[in-house]
Structure formats: structure tokens, C-alpha cells
Amino acid sequence: MSISAKSKKSSAPIDRPFAREILREAQELAQHYQIVLQMEDGEYFGRGLELPTVMSDGKTAEQCVKSTREALVATVAYMLEKGERPPAPASDATRSVQLNI
């Protein structure tokens, strides 16, 4: 997988890939993230449960999951590169905020 970093000021790709260690850590973490799928007008749309603003789509459920997972990996790698702490997978049952509605 050749995922490149994004510039902080724009969404234009930086002409270099993520460092191997960062990409490896991002892939491991993002593999445990849950993906929410929705079908609309014959196409699948996916978003991350832990990172709901990370989305993708696909003609099949498998394509959608694959492209959404790649988007999650890139987002987590970018967060790690910036020194941010990505959210824990929902399956870890750890949370830092409780919201009562």
C-alpha cells in the first residue's frame, strides 16, 4: 500500500509516503476500526465508527470496505505523523467521554 501524507494547509498530497513505522502502526490500529456501511442508489457508502468523518464508497460492499479502510489508514497515519493520538478501537470498550442524551 502506497499511501502519501497530506499537507497541513491543503488536501494536496505531499510527494512522499509515510514513514514505514508510522504506516505499519496506522494499518494495525485501523484494522480494528469498525466500518458502518449504507447502501443508497445502488452504491455503498462507508464511514469509520471511531472516525466518522472518514468516508469512502464502492460499487460492492467489499470495494467500499477496502476503500474506507485505506482512508482510515491514511487518516491515522497522518494523525500519528502530527503527534496526535488516534481514537482507540470501539471494540476495546475504552472511552474517554460519556455523552448522556
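Arg-47 stands opposite Met-55 of strand 5, where pairing of two strands requires at least two bridges found by DSSP between them. The model is predicted, with pLDDT of at least 70 needed for local features and 80 or more for side-chain atom pairs, whereas totals for chains, interfaces and linings use all residues. Residues are numbered from 1 along each chain as its sequence is written, and side-chain values use heavy atoms, with hydrogens and water left out.

Strand 4 (residues 43-48) and strand 5 run antiparallel and are joined by four bridges. Helices (H or I, at least four residues) and strands (E, at least two) are DSSP runs numbered from the N terminus. An open sheet of three strands is formed in the order 3-4-5, with antiparallel pairing. Strand 3 (35-40) and strand 5 (55-58) are the edge strands, each pairing on one side only. From one strand to the next, the twist averages 25 degrees; axes are lines fitted to C-alpha atoms, for helices over the stretch in contact, and angles run from 0 to 180 degrees between N-to-C directions. Helix 2 lies across strand 3, strand 4 and strand 5, and runs at about 155 degrees to strand 5.

In helix 1 (residues 20-30), the buried residues are Leu-23, Ala-26 and Ala-30. These residues lie on the same side of helix 1 because they cover an arc of only 65 degrees around the axis, the arc being that of the directions from the helix axis to the C-beta atoms. On the other side of helix 1, Arg-20, Glu-21, Arg-24 and Glu-28 are exposed. Buried denotes under 20% relative accessible area and exposed over 50%, with partly exposed in between (1.4 Å probe, protein chains only). The cover over the buried residues of helix 1 includes helix 2 (61-81), contact being defined as heavy atoms within 4.5 Å.
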